[in-house]
Amino acid sequence: MSVCDDTLLCNYPKCRAKLSVFAWVTACSHVFCDQHGSGEFSRSPAVCPACSSALSGKLDIVRSELSPSEEYKAMVLAGLRPDVVLDISARALAFWSYQVHQERLYQEYSLSRADAQLKQMEKVLTQQNQSRELELTAMKGEITSLKKVMEEYKRKYSEVSERLMERNRQYQKLQGLYDSLRLRNMVVGVGDRETQLRPGLQDLNAASGRQATPQFPSFGPEGDARFFSGLEPDGAKTFFQFSSPARDKCRPFTNKR
């Protein structure tokens, strides 16, 4: 605020409103808006809200019109001696200068307080940035270590996968060998049973002393079935009695019915 500014500000704390129309002026050189002046100075004893000075005099508090009419301007100082007029004007100018000075002090205080808050905030922000940078560096290191661990796990996974595939191939080979050996054993077992049956049938043919004829076919897988199916029950019994080597050695042949 400068001397040539045409408005004053309310000196009530936390108000700071521009004055217009009416203002409450005190003997302690403070000025208040119509709202706060009416509320504060309606009590008795009156106390200045700005400096807490007691205002007990008749003219310690004056409600002034800030935009007086031309008639008021023409008559307010009329009839007064020049020295009185100059004294009144000097006091009015001193009041205005005091308000300007107080406003400048207030603005300087507000500025210094804002600077202090700004420096404090910058300090806090710097500390936060440093802590964030430390956390970021730590997180980057952790990410790097986790990437290394992940690469190691990938390598181990690849090795295990290759070993598993190799084991599966070996298992398939062994399974194929097992199946072939089982099939071969089954075939060999069937051949052995046929080989064990055929010598006995050949001995029967030799003991009978007969050649293979339509009536007496040779013993074999197919001839055995045809031969034994053609024998009657009694004839088959006689045949086995006749062709038994044990019975031939023990006693002569007898044909029993």
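Begin by selecting Ser 52, which in this predicted model is found in the loop between E3 and strand E4 (54-55). Its backbone deserves a careful look, for Ser 52 has a positive phi of about 65° although it is not a glycine. Most residues other than glycine have a negative phi, and most peptide bonds are trans.

Next, select Arg 16, in the segment before E1. Here too the residue is not a glycine and phi is positive, with a value near 55°. Arg 16 counts as partly exposed, because its relative accessibility is 26%. Now show the side chains of Arg 16 and Tyr 106 together: the charged end of Arg 16 sits over the ring of Tyr 106, at 4.0 Å from the centre of that ring.

For another arrangement of a charge over a ring, move to Arg 63 and Phe 22, where the charged end of Arg 63 lies over the ring of Phe 22, 3.9 Å from its centre.

Then select Ser 44 and Pro 45 and look at the peptide bond that joins them, which is cis, with omega near -5°. Pro 45 belongs to the loop between H1 and E3.

Stay with that loop and go on to the aromatic rings. How many aromatic pairs does a search of the whole structure find? The search finds two. Select Trp 24 and Phe 41 to see one of them: the ring centres are 5.9 Å apart and the planes meet at 50°, so this pair is tilted. Trp 24 lies in strand E1 (residues 22-26), while Phe 41 lies in the loop between helix H1 (34-40) and strand E3 (46-47), so the pair ties together parts that are 17 residues apart in sequence.

Are these two residues buried or exposed? Trp 24 is buried, with a relative accessible area of 16%, and Phe 41 also counts as buried, at 12% relative accessibility.

Phe 32 is buried, as Phe 41 is. To finish, display Trp 24, Phe 32 and Phe 41 at once, and you will have in view one aromatic cluster formed by these residues.

Note on methods:
Residues are numbered from 1 along each chain as its sequence is written. This is a predicted model: local features need pLDDT of at least 70, side-chain atom pairs count only at pLDDT 80 or more; totals for chains, interfaces and linings use all residues. Side-chain values use heavy atoms; hydrogens and water are left out. Rings of Phe, Tyr and Trp (its six-membered ring) pair if their centres lie within 6.5 Å; planes under 30 degrees apart count as stacked, over 60 as edge-to-face and the rest as tilted. Helices (H or I, at least four residues) and strands (E, at least two) are DSSP runs, numbered from the N terminus. Buried means under 20% relative accessible area, exposed over 50%, partly exposed in between (1.4 Å probe, protein chains only). A charge sits over a ring if NZ of Lys or CZ of Arg is within 6 Å of the ring centre and within 35 degrees of the ring normal.
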